[in-house]
Amino acid sequence: MKRFAARIRSLAAATLLGAALLGSAACGGTDAAAPAPAGAQQAKEIAVTIKDRKVTPPPGRIEVAKGQTVRITVTSDVADQAHVHGYDKAADLRPGTPATVEFVAGQTGLFEVETHEQELQLFQLVVR
Amino acid sequence: MLPLAHGIGGRQDLPIPFAAALTGAVLALVLSFAGLGMLWTEPRLAGALRYARPVARWLQDLGGAPAWRWSVRIAGLLGAAYFCLGLLFGPDRAANPTAGVLYVLFWVGLIPLSLLFGPVWRALNPLRTLHLLACAALRRDPRRGVRPLPEGLGYRPAAAGLFAFTWLELVAPERATLPVIGAWLAAYSVAMLAGAVLFGSGWFDKGDAFEAYSDLIGRLAPIGRNPDGTLTWRNPLDGMAGLAPAPGLTGLVVVLLGSTMYDSVSNAPFWVRFVQESGTPAVIPGTTGLVVVIAAVLAAYLGATALAGRWGGAAPGRTAGELAHSIVPIAVGYLVAHYFTLLVLEGQRTVSLLSDPLVIGADWLGTGGWTVSAAGLSPAAVAMFQVTVIVVGHVMGTVLAHDRALALFPRRTAVPGQIPLLLLMVAYTVTGLLLLFAA
């Protein structure tokens, strides 16, 4: 009987702890979902260079706020096409000539930016 | 991630917040060890299947009716024929639904279907139906092949088939193009039909990767057949505990979990950089990465179950196969977390494309005008959902392992025997959460 009571007590403690943890996660989540103040930020400038199949700066993640304007400038040493997935924005690249794509990041998520001919990933755009 | 050049998987989930990953990890750890002390002390799962409550009479009759079985088979054949229309006669462009149907509606869509209704692919499988029809035309018994199915084969062909499919989905060059998809499916169909001719229709049960995949996940369905064939409502844990160990089962489960983890790893910037700067064709590091991640999942599993067997005092060599079923809910939780938004978003897009498989401007299904709606999928809700399904899968796995440990180990050593299993499951779950956070 005593053992049973102890079990109930520890079960209750575990449940409370779990509930508290879940609650804290939910709060954390709400903060992340708060809409970005529209128009408050400047446009995000991103410049990428491709030479001998090497991407500079090396592929990584670039964060922007939802609603922010993103301007991506790509300079490639060969003819290619740059493409922003999800937003379906594309720019034709001519050797040595910078090409620019500009759009408003209105949709949250993670989007790959890559070239179609050489199949290089330039970076991942993270829109929060 | 999925083949991007053809437009599949345009938007991916945001990494989950660190707080959410940490919460999930702590919950998994606490619940596991709380469960160890508080759960029952005599094995009680699976045995209850015999006494599970039968479903209502009409449903029982429907499930057993030949007319119903044939309707489902014909639906499978018609679906496959419609799919082949786009595959064989459609243009090789992003507007062709073929890749979306295979990688999203079929592969990912089978998860919720199986979770709800059980091993649905067994009923729908067009290859099984083709074999059945050919046998009927030749007046042969479909269950009899040229020779009996070898006992030792078990799930090995399905594990190999699952590896081949995940390689196609995640690594193969040009994997969203029609020639690659067509060649893979042709080779797969020939292998499956050859197996059926050689060993009879029983070959499909554990030899067909997609039937085995749907069956593994379908063990968690609330409805299932008890050992005498009656349709019953059951506890999903009883269903999963009823999965009998067979050769290759461990491999099948490990490939399922490992390949999905590799999909996350391969999306991480460090991996992308490594592959692009290695200067070799992406298929080489891709294949190596897939094999290494699966091997790591397998090594952890074999190490932990061997240690559990030693500490728990079980007969040597039995623990790995006997505990494989307990990893399935963890793998399914991770699959659901990983693929949920893909199914919702790309699924809608694919259904819209399906209305015009030949890309001639037709609207045969009336879904051509669908636009993808992200109804209610806020990043916070998605993250919360992902962590929840992973923790639920973890808890189910823990309970299944606990119950089986009681049957495998003498009472005296049952608790120490479970420690390595708990640590293994916590490791899988925390890795999964970390991948959702970082990759």
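User: Is B:I419 buried, partly exposed or exposed, and why?
Analyst: Please keep in mind that this is a predicted model. B:I419 counts as partly exposed because it has 16 C-beta neighbours inside 10 Å, whereas a buried residue needs 20 or more.

User: Where does B:I419 sit in chain B?
Analyst: B:I419 belongs to helix α19 of chain B, which covers residues 414-438.

User: And how far is B:I419 from B:F33?
Analyst: In sequence, B:I419 and B:F33 are 386 residues apart. In space, their C-alpha atoms are 8.8 Å apart.

User: Let us turn to the cores. How many residues are in the largest nonpolar core?
Analyst: The largest nonpolar core has 99 residues. Among those with the most contacts inside this core are B:L162, B:V253 and B:L421. Helix α18 of chain B, residues 379-408, supplies the largest share of this core, with 16 residues.

User: What does B:V253 touch?
Analyst: Leaving aside residues up to four places away in sequence, B:V253 touches B:A324, B:I327, B:V328 and B:A331. There is also a second, separate core of 20 residues, which includes A:I50, A:V74, A:Y87 and A:L120.

User: Now chain A. What is its secondary structure?
Analyst: Chain A has one helix and nine strands. Along the sequence, the pattern is α-β-β-β-β-β-β-β-β-β.

User: How much of chain A is buried?
Analyst: Of the 128 residues in chain A, 27% are buried.

User: And which share of its contacts links residues 24 or more positions apart?
Analyst: Counting contacts in chain A with a separation of 6 or more, that share is 62%.

Definitions and conventions. Residues are numbered from 1 along each chain as its sequence is written. Chains are lettered from A and ligands numbered from 1 in the order in which they are written. This is a predicted model: local features need pLDDT of at least 70, side-chain atom pairs count only at pLDDT 80 or more; totals for chains, interfaces and linings use all residues. Helices (H or I, at least four residues) and strands (E, at least two) are DSSP runs, numbered from the N terminus. A residue is buried if 20 or more other C-beta atoms lie within 10 Å of its own, exposed if 12 or fewer, and partly exposed in between; C-beta atoms are placed from the backbone. Two residues are in contact if their C-beta atoms, placed from the backbone, lie within 7 Å. A nonpolar core is a set of buried Ala, Val, Leu, Ile, Met, Phe, Trp, Tyr and Cys residues joined through C-beta atoms within 7 Å.
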